[in-house]
Each structure stands twice: as C-alpha cells, then as structure tokens.
Amino acid sequence: METHSVSKLLALYLVAALFVGSELIQCTTVSYDKKAILINGRRRLLISGSIHYPRSTPEMWEGLIQKAKDGGLDVIDTYVFWNGHEPSPGNYYFEGRYDLVRFIRTVQKAGLYLHLRIGPYVCAEWNFGGFPVWLKYVPGISFRTDNGPFKMAMQGFTQKIVQMMKNERLFASQGGPIILSQIENEYGPESKALGAAGHNYINWAAKMAVGMNTGVPWVMCKEDDAPDPMINSCNGFYCDGFTPNKPYKPTLWTEAWSGWFSEFGGTVHHRPVQDLAFAVARFIQKGGSYVNYYMYHGGTNFGRTAGGPFITTSYDYDAPIDEYGLIREPKYTHLKELHRAIKLSEHALVSSDPTVTSLGTYQQAYVFNSGPRSCAAFLSNFHMKSAATVTFNNMHYDLPAWSVSILPDCRNAVFNTAKVGVPTSRVQMTPTHNRLLYWETYGEDLSSLHDRSSISTIGLLEQINVTRDTSDYLWYMTNIEINSWESFLHGGKWPTLTLQSAGHAIHVFINGQFSGMSKHFCSTTESEQELIVLSDSGFKFCIYLDSNLNIITGSAFGTREQREFTFTKPVNLHAGINRIALLSIAVGLPNVGLHFETWKTGIQGPVFLDGLSRGRKDLTIQKWLYKVGLNGETMNLISPSGASSVDWIRASLATHNQQLKWYKAYFNAPLGNEPLALDMRSMGKGQVWINGQSIGRYWMAFANGDCSMCSYTGTYRQTKCQLGCGQPTQRWYHVPRSWLKPTKNLLVVFEELGGDPSKITLVKRSLTR
C-alpha cells in the first residue's frame, strides 16, 4: 500500500499516546494515499457536512451536530470567518456565535471529526467573502495574488488560528478532532486569470500552510494546480468526473451542493434528494472516498453578514437540517439511508479499484472486489426518462431512471437513489398569539441632514471608502437653486433627475420629502402633475403619476447580477434653494469575483437635472455633503438603553407607510421550544433587532423566476426546481429562542419604504409529514 503520510509530507507525527497532566490524550495519525484519507493507518470513507458556527447560535450547536451524527456523518466542515474574528487590526473576537473553540469542542464531544477550512477567503455568500473591510485599506494591498501586504496579513491570521488550535490541542495529531485543514478557497478561476502572479501566490500559500506543522493534511478546493502535498478537491453539483492532480492523492468532494442560496427578488431553490443521492453514489462508484454536503445546515445570515450583494438573511440552502434546526424530509432520512449503504460497502470501496461492466446502453455495473466476502457493486442507470431491468450476477435488478442501486455484498440491493420511502415534511408557521405590545415610532430627522453632515467635498465619493462598512447607509447631499421664472413652476413638466449608481439601492428625498410622494395629506392643487389619493388601512396618502400614468417612485434598486443601475425620475422642486438628499444603501458587499475589493458601491455619477430653461444642469462636480448612517444608529435605538433615550410617539394608522421610520414594541417569550420567526409580510425593506441583537436585513422583494414542474431526473442546475414565484423571497425571519427573556423583549424595526408594523406577528415553526 503506497501511503503519503503527513509525517512524510507535512511534519513530524505524534504517534504514541501523550500524558498531559493526569489526562491521557490519544493522538491520531492522519495521512492519505490514492484511495482515501487514512486515520491511524486505516483507510476511511468519510461522509461530512458543512455547519457554519456563526450562522446559528451556540445553544443550537449541540443539537445540530447530534442530528448530523444521527444522519450518518463522520465529519463536520466549517469555514473560519476572518471578518468576524478580527473586526479591526489586531483586535480579536472569539465569543458568542464566533466561539470557534467551543464549536470544535462540541463536535469533539459528539465523537465526530472536523475539517477546518481556514481560507481565510471563504466566499460562502458572506459579506466581503470573509475578509475584514479594513484589509482593503492596507497600503499597497491587492487581494489573493502575489502581493506582499496581502500575504503578510493572510499569514498573520492563518497563524493566529493555527496557534489557537494548537494551544487548545484540537488537531488530530494532538488528540483533537481536526483531521483536515484548508488553505485558500476555490482559487482555480483566479489562478487562470492572474497567470504567473496567481501561480506564485498559490505556491506560497501551500508552503506557508505546510510550514505551520499542524500534523494533518491540507486541502485546496477547486485548484487543479495545488502543489504537493496539498490535496486538490472538487466543488459542484456533480463531481464524478473529477480526478486529483496526482495519482497518489485521494478523490475528495469538499462541496456537494445540497441546494442553492437565495437572493432578494429571486426564487427559492430546491434540489430533489433523489438527484443529490444519485450524484453522491456516482462519485463513490468512481472511486471517491470523501463527500461533504454544502450545506448540511445552512442557518441564518444574522446582522449584516450576508454578502453577494442581495443575499437573503436566510441561508437555508435546502439543506437536510433547515435554517431553524428542524429535520427536512425526505432529504435527511434518504441521505441517512444512502450513508448506511455506503458504509456497508466501505471495506471493498477503499480496498480495491472498480471493474466497470456495461449492462445496457445507459446502464453500468461498478464492482469493487477485494477478496472473499468483500465485494460491493453499484448498478447505475443514466437514462433521464426510462427505467431499466438489468441482469447482474445472474440476478435481475430494476433500476429507475437516473438512479444507482447499491449492493454491499454484490447480491442484495439495499438502497436505490431514486426510491424514496420517507414522507415529505410540510412547514407550518403558526401564530403564537403573543401580542406585540403597542407600537411606538420615531422618525429620521431629514430637516437638518445638511447641518449634521460630517464630510464635504467637490464631487462624488465611493460609498465604502466613506462608511468603511460601519453602516449600510450613506447620505449624499447637495443643493440646487431654482429661478422663479422656470417654466415648470408655471404649468410645465417637472425637471428630471438622473443619476448613475454602482449599487445597491437608493431613496431620493427632495426638500425633506420622499420623491414621488407628497406630504401625508394632500390635494390635487399641490402640483400640476397627475396625482391620485389612495386609501390604505383607513388613511390617505398621495402618489404622483407621470404622463403615462406610471407611478413616480423615489427609489431604485440593482440586482445581484446587475449591481449598477440608473435612477431617472421627475422631481418636484420649488423656487429658491432646494435640498437634494440621496440615501444610498449597500445590501451586502461582494463575496466572489476577481479583485472584488476594487468594485465600487454607491453613487458614482454622473448626476444631472434635465428640463431646466437653460438646459441640463450637471450636479456631479458641485459640492456634496456626506453623512454616514442613520440618526437611529448613532443613538443606538436598537438597545434598551438607547431606545429609552428618545421620545417615541404612539404609532397610529397615520404613521404607517412612511419612509425612514423606526418602530419599537415589546413582547413576552412564547411557551414551548419550537423555533420562532417574525412574519414581516406587512413591511417593505429594512432591518430588525431583538434585545439589541440583529436578526438581519428584511425585504419583501417578490420572486421572479420559472416555477414550472420539477423532476429529479436530468442534470441539476440552480435554475431548475425553483419555488416561490410571485411571493416575497423571504417572508419569515428566524428569532433564536436563546435571545429572548421571559418578558418584555424589545423589538425594533427600521423601515425604509413604508409598511404596517401592527401586522408583524411572531410565529412558531413546526413540521408535519
């Protein structure tokens, strides 16, 4: 048996058991050969699942990990999130949801192994790909290339994490659960684009990681040029066509995508378990020996951690364990049965190479025979429509379309990927009847915005350069003087404001009023424009229409595919000085793409006004004022102390459907232990907090997609099997029970567009079959 062990490739092994004080710690040797990862010299076929510690609460970890173990997993996989652990240079945070050591100890307590994917670039639909924003401002830096400042920062954080793991004795070579580590992440596209600089960087990263002497193998995923002793691995919906870059390395699948992420305005993605099981079985029959489900539990993008931009607060991912920690059927149990069948075949799978025999045009047998009483067979049917009956070892087997049957003894089929015998779980969101005690409101003061600006300059600034991502919000403000003889003031058409934004959203205010909507009560004499008076929930407000009877709204938005957008709308100006205030909003920073640290956010211009008597007025190059964040953020209205520091007013019907409003209410914790959520269907767009902790961004953006029939057969892509067309992409927002007190929990909502907070409800999530 040819074995490339860590002792040979990485560092000196600790083989014997070590005494630490009075405690005996059994050290584990981890190595690899062409067939598998070896643990204490024994080849192992390992089933893994991704659970990201910051996407759930510490109180959830033990239950999630136990469910993973019960589902047949051997390994828990997690990224390490640099921006959560080092929010400012040299200042580290490892508490609460970021208590990495506690998470790994919980995995160890459950008797599972861990794959620690340090990165420290993680992608993961996480804000800025896991990089702290301050890294962007290190002089001379260029991300993920042969760049001195970047390599120094990356090495410093990697060393920090590795040393912490060593101090806690968490590597397998020290008796801990960590059997694999990953450096970098999905670097293949960047490596190809950067050429020599990318090649030099990846070689440096490998050498740097190996030099840390962890005593366990290192992995590089989606990096065909991963240098020895790195194991290159596959990510994707299917990986049965993948082979490692050296014949003496095992075949690892570090991300078997169990579903797909959601973005505001998009559909929810579902991957049928029959296809996922088929993909895993295909991989195993081709010699794969390590599979990691990404995700096994997706969790929640609490706070402002969602990236993209436009990634939803939910990171459910259609995973076997749903966002709330409940088992999703039939995905969970069907995969559990798959894992059992694979484990029954383990000895033959890791001890021999398959013999492939044709059983028909689309049917094959992969037979692993390592001696007497050690034979396993995988019978596959790749036809997308037709079932087949095949003959193998003088016996007949029925194979549904697009399926694999597993025979651990080469005779008895114990599992078929397409035959699901588990009822489908149905989600119920039931109101708790815990009344949200009366709502109060506090409005952002727009009248003095210009006076409270912190920066002024000629021209437009990039948003993140100003905010440093301390807030989603940045005010861009300027003035324009309108002469009294302008024709639009005497019955002509309103002038048109046009601006170019690099993303991600904008709300336009003219003289303290939301553009396109008048004061709360109004009449048709206020403007010559078309105008209607609507009644909603018993109160009136005005919406302006253009000459084509289209609603003139003061907002515009990009999308994940097209962050940049143009705002072009008529604006209501008066004679004299007019104040233009543009609220630019980031909806998560990019997490993937070549040098995404250089991508721009905010209003980049040009900004101009058309329809004036003297022609176009260019506002781009005049004086602009800037204010970072909202008044409510500055006053910390989300906390109990901050909320009590201002005078709130009792919310009424007249204060609903207004822009830039803060709302607060109190509620008591519901009885029981079911997971909880807020139903935000009556609101527009904003953020929500409970007892000072951020639930995340909400947005009732309606899903646009193709929700036609879904079949498990045929190659899966995220455009297949879409759900939720015509409904808000995300309606319910997870409320961890551990965040609640028995009574008087503070709920704070910031609403950008206008909504009815009186209809927000607290619901319990449950599953029925």
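**Entry 1: a residue in a loop**

I began with Val216, which counts as buried at 0% relative accessibility; buried means under 20% relative accessible area, exposed over 50%, and partly exposed in between, using a 1.4 Å probe and protein chains only. Val216 sits in the loop between helix H7 (196-210) and strand S11 (218-221). Helices (H or I, at least four residues) and strands (E, at least two) are DSSP runs, numbered from the N terminus. I also looked up the C-alpha separation of Val216 and Thr389, which is 45 Å for two residues 173 places apart along the chain.

**Entry 2: ground rules and confidence**

A note to myself before going on: this is a predicted model, in which local features need pLDDT of at least 70 and side-chain atom pairs count only at pLDDT 80 or more, while totals for chains, interfaces and linings use all residues. Residues are numbered from 1 along each chain as its sequence is written, and side-chain values use heavy atoms, with hydrogens and water left out.

I looked up the confidence next; pLDDT is the predictor's confidence in each residue, from 0 to 100. The chain has a mean pLDDT of 92, and 92% of its residues reach 70 or more. Residues 1-24 have a pLDDT below 50, and this stretch has 57 contacts in the model beyond near neighbours in sequence. Contact means heavy atoms within 4.5 Å. Over residues 518-550 the pLDDT also stays under 50, and the model has 70 contacts for them beyond four places in sequence. Where pLDDT is low, the predicted coordinates should not be read in detail.

**Entry 3: the disulfides**

How many disulfides does a search of the whole structure find? It finds four, where a disulfide is a pair of cysteine sulfur atoms within 2.5 Å.

- Cys234 and Cys239 are joined with their sulfur atoms 2.0 Å apart. The torsion about their S-S bond is about -80°, so this disulfide is left-handed. Both Cys234 and Cys239 are buried.
- Cys375 and Cys410 are joined too, at 1.9 Å from S to S. Their S-S torsion is about -75°, so this disulfide is left-handed. The pair links distant parts of the chain, 35 residues apart: Cys375 lies in strand S18 (residues 375-381), and Cys410 in the loop between strand S21 (403-407) and strand S22 (415-416). Both Cys375 and Cys410 are buried.
- Cys710 and Cys721 have their sulfur atoms 1.8 Å apart in a disulfide. This link is right-handed, with 75° about the S-S bond.

Cys27 counts as buried at 1% relative accessibility. Cys221 is in no disulfide, and the nearest cysteine sulfur, that of Cys234, is 9.4 Å away. Cys221 also counts as buried, at 1% relative accessibility.

**Entry 4: helices**

Two packed helices are described by the angle between their axes and the distance between the axes. How do H8 and H9 cross? The axes of helix H8 (residues 273-285) and helix H9 (residues 331-344) come within 10 Å and cross at roughly 20°. That makes H8 roughly parallel to H9. From H8, Val273, Leu276, Ala277, Val280 and Ile284 meet Lys331, His334, Leu335, Leu338 and Ile342 of H9.

I then turned to helix H4 (residues 100-109), where Leu100, Val101, Phe103, Ile104, Thr106 and Val107 are buried. Gly111 follows H4 and has a positive phi, near 85°.

**Entry 5: a strand residue**

My last stop was Thr478, found in strand S26 (residues 473-482). Thr478 is buried, with a relative accessible area of 3%. Which residues does Thr478 contact, leaving aside neighbours within four places in sequence? They are His450, Asn578, Arg579, Ile580, Gln622, Lys623 and Trp624. For Thr478 and Trp624, the C-alpha atoms are separated by 5.0 Å, although the two residues are 146 apart along the chain.

Technical notes: Axes fitted to C-alpha atoms, helices over the stretch in contact; angles between N-to-C directions. Parallel < 35°, antiparallel > 145°, perpendicular 65-115°, else oblique.
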